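Hi,

Here is the structure I promised to pass on. Have a look at it first, and my notes on what turned up follow below.

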Amino acid sequence: MDIKELFLYENIGDTIAELKGGRDVELPDVEKAQKALDPDKHDVNNPMLRKDKVIKVDNGGSDDPQKVVDLGGDNAAGTRIEKVARIRLALQELIISRAVSFLFGNEVAYNADTSDKQNEAVMFAFDKIIKDVKCNSINRKVARSILGFKECAELWYPIEKKKSSSKYGFPTKFKLKCAIFSPASGDTLYPYFDEMGDMIAFSREYTRKRNSKETKYFETYTDEQHWLWRLGSEGYVVVEGYPKEISIGKIPIVFGRQDFFETKNVDSLIDRLEKLLSNFADTNDYHASPKIFTTGQINGWSKKGEAGAVIEGEEGATMSYVSWQNAPESVKLEIETLLKMTYTISQTPDISFESVKGIGALSGVALKLLFMDAHLKVQDKRIVFDEYLQRRANIIKSYIGVFNTKLEGACDDIDIEPEITPYMLTNEIDELNYWLTANGNKPVISQQEAIKKAKISNNPQDTYEKIQSEYSLANSFSISEPVIDA
């Protein structure tokens with residue numbers, strides 16, 4: 001179906017229903033995702049799944065009368081509620097945070113051939129836009145949404161300013177901005193795919209609250225138009241001023257998704273770990289303090305803190321401490337196994353202080369082996385993020401061509417290729433020796449580049465020029481004519 005035909009329906013509701021039906025997969029279960037990421041929503045905190053204990057007590061013997069419930073009738077006993085331990089772990093959040101850090105701990109590099117002056121101008125504008133919108137932070141937010149909620153989208157849109165600026169390397173009144181759409185923020189995303197799997201429209205349903213009143217909106221982006229409808233008492237109506245034209249001739253939306261929640265395979269392990277730790281905490285509450293078992297008649301007890309105390313008892317009376325044999329070892333083994341399998345299955349390195357404090361100084365090769373599993377996970381995620389970042393680059397290029405028509409041809413021709421570099425702690429000496437050896441022990445960077453990378457100078461270019469001037473002065477010499485007396 002031609003996407004234009006959808007907007008010719010007499011009933012707007014039919015148009016919106018068709019746009020919603022264009023998804024090729026089901027909507028993500030936002031409630032399930034939030035439950036996994038919020039430790040307070042884990043099963044261990046659910047009083048229906050992990051019930052508090054009801055203990056019978058005498059009405060007169062309760063320490064807290066507010067907790068006693070009279071059973072009624074002739075029964076003089078009552079009950080009190082004893083809270084059980086609820087140990088919740090934010091392991092799902094940790095797994096996603098580590099994955100995001102390894103994915104985008106380093107800046108994404110955008111590579112292109114800048115030997116041509118126009119290509120150089122395009123890349124100058126491109127880099128300015130990327131830095132202006134703080135793309136490093138956007139990358140992390142997008143990754144958190146995709147890993148935690150399966151999907152995310154970003155919208156690139158221009159705003160017109162009153163005064164012209166040459167920030168992008170050419171005069172323009174427009175500034176390019178970016179907005180993130182995520183299920184975590186209450187956005188419901190509806191990409192519309194054709195028979196070939198190409199996205200020919202993108203829609204978003206969201207709610208805005210103004211003056212204590214919530215209003216639902218539905219908006220759609222195509223390669224030509226931006227539509228916005230508002231839900232009222234008589235159904236959806238087009239908001240005034242819409243549809244608006246899309247200036248770049250393509251959908252200004254980047255959409256990314258993966259087919260599963262990132263922690264799907266370890267959620268059950270974490271639930272078991274929380275239950276195990278909570279039960280162990282309850283057991284400790286009962287048995288951590290020493291208990292004494294007696295037989296026979298005990299006539300006298302020593303006072304608290306009394307040195308050399310003597311306890312009197314009848315003949316045959318005995319006393320002994322009740323000890324807990326073997327049980328903690330089995331619990332400890334299961335806890336350690338669950339933690340190990342959680343990290344292993346999710347390909348998350350355990351880099352806690354306790355785990356790494358005894359490692360010592362490692363070579364560059366050893367560090368790479370240590371984090372190899374996390375780097376393999378990054379390579380797997382590139383299936384999603386390479387395509388995502390490439391579409392972003394193409395959209396930005398198109399807007400640069402609109403802002404400066406002289407660069408339109410260069411924007412169409414230039415290939416900007418994103419490159420993800422997994423985060424890595426490096427041994428700088430080993431890394432440097434590797435490249436020096438490969439380069440025949442010749443310098444691998446210029447002095448000017450070294451000054452920039454050192455990040456000591458506030459003005460690297462000025463520092464470089466002063467060093468060159470001082471170097472020239474130190475190596476200069478003058479020849480003066482000898483003075484001959486007459």
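**The loop with Pro 243**

Pro 243 sits in the loop between β11 (235-238) and β12 (244-245); helices (H or I, at least four residues) and strands (E, at least two) are DSSP runs, numbered from the N terminus. Before going further, the ground rules: this is a predicted model, where local features need pLDDT of at least 70 and side-chain atom pairs count only at pLDDT 80 or more, while totals for chains, interfaces and linings use all residues. Residues are numbered from 1 along each chain as its sequence is written, and side-chain values use heavy atoms, with hydrogens and water left out.

Back to that proline. The peptide bond joining Tyr 242 and Pro 243 is cis, with omega at about 5°. Most peptide bonds are trans, and most residues other than glycine have a negative phi. Pro 243 counts as partly exposed because its relative accessibility is 32% (buried means under 20% relative accessible area, exposed over 50%, partly exposed in between, with a 1.4 Å probe and protein chains only). Leaving aside neighbours within four places in sequence, Pro 243 is in contact with Gln 225, His 226 and Trp 227, where contact means heavy atoms within 4.5 Å. Its C-alpha lies 9.6 Å from that of Tyr 221, 22 residues away along the chain.

**The overall picture**

The protein has 486 residues, and 33% of them are buried. Its secondary structure comes to 15 helices and 18 strands. Of the contacts with a separation of 6 or more, 65% are between residues 24 or more positions apart.

β7 (residues 188-193) and β8 (residues 199-210) run antiparallel and are joined by six bridges; two strands pair if DSSP finds at least two bridges between them. Pro 191 has Phe 202 in β8 as its bridge partner. Five residues lie between the two strands of this hairpin, and Gly 197 in the turn has a positive phi of about 85°.

β8 also pairs with β9 (residues 213-221), again in the antiparallel sense, over nine bridges. Asn 211 is not a glycine, and it counts as exposed because its relative accessibility is 78%.

**Helix α6**

α6 (residues 135-149) has 15 residues and reaches 20 Å from first C-alpha to last, close to the 21 Å expected at 1.5 Å a residue (the expected span is 1.5 Å times one less than the number of residues). Its buried residues include Cys 135, Ile 138, Leu 147 and Phe 149. Just after the helix, Lys 150 has a positive phi of about 80°.

**Pocket and cavities**

On a 1 Å grid over the protein atoms alone, a cavity is a set of points where a 1.4 Å probe fits but cannot get out, and a pocket is an open set with protein on both sides within 12 Å along at least five of seven lines; lining residues have an atom within 4 Å of a point. Grid points are joined across faces, edges and corners, and a volume is the space filled by probe spheres set on the points.

The largest pocket holds about 630 Å³. It is lined by 23 residues, and the closest to its centre are Phe 255, Gly 256, Arg 257, Val 384 and Glu 387. β13 (253-257) and α11 (372-403) are the elements giving two or more residues to this lining, and α11 has the largest share, with nine. By class, the pocket lining splits into 10 nonpolar, five polar and eight charged residues (Ala, Val, Leu, Ile, Met, Phe, Trp, Tyr, Cys and Pro count as nonpolar, Asp, Glu, Lys and Arg as charged, and the others, Gly among them, as polar).

There are three cavities of 30 Å³ or more in the whole structure. The largest cavity has about 60 Å³ of space, and α4 gives the most to its lining, with five residues. Gln 347 is one of the residues lining the largest cavity, and it has a positive phi of about 55° although it is not a glycine.

The second largest cavity has a volume of about 40 Å³. Its lining includes Leu 147 and Gly 148, and α3 (30-37) supplies the largest share, three residues.

Cheers
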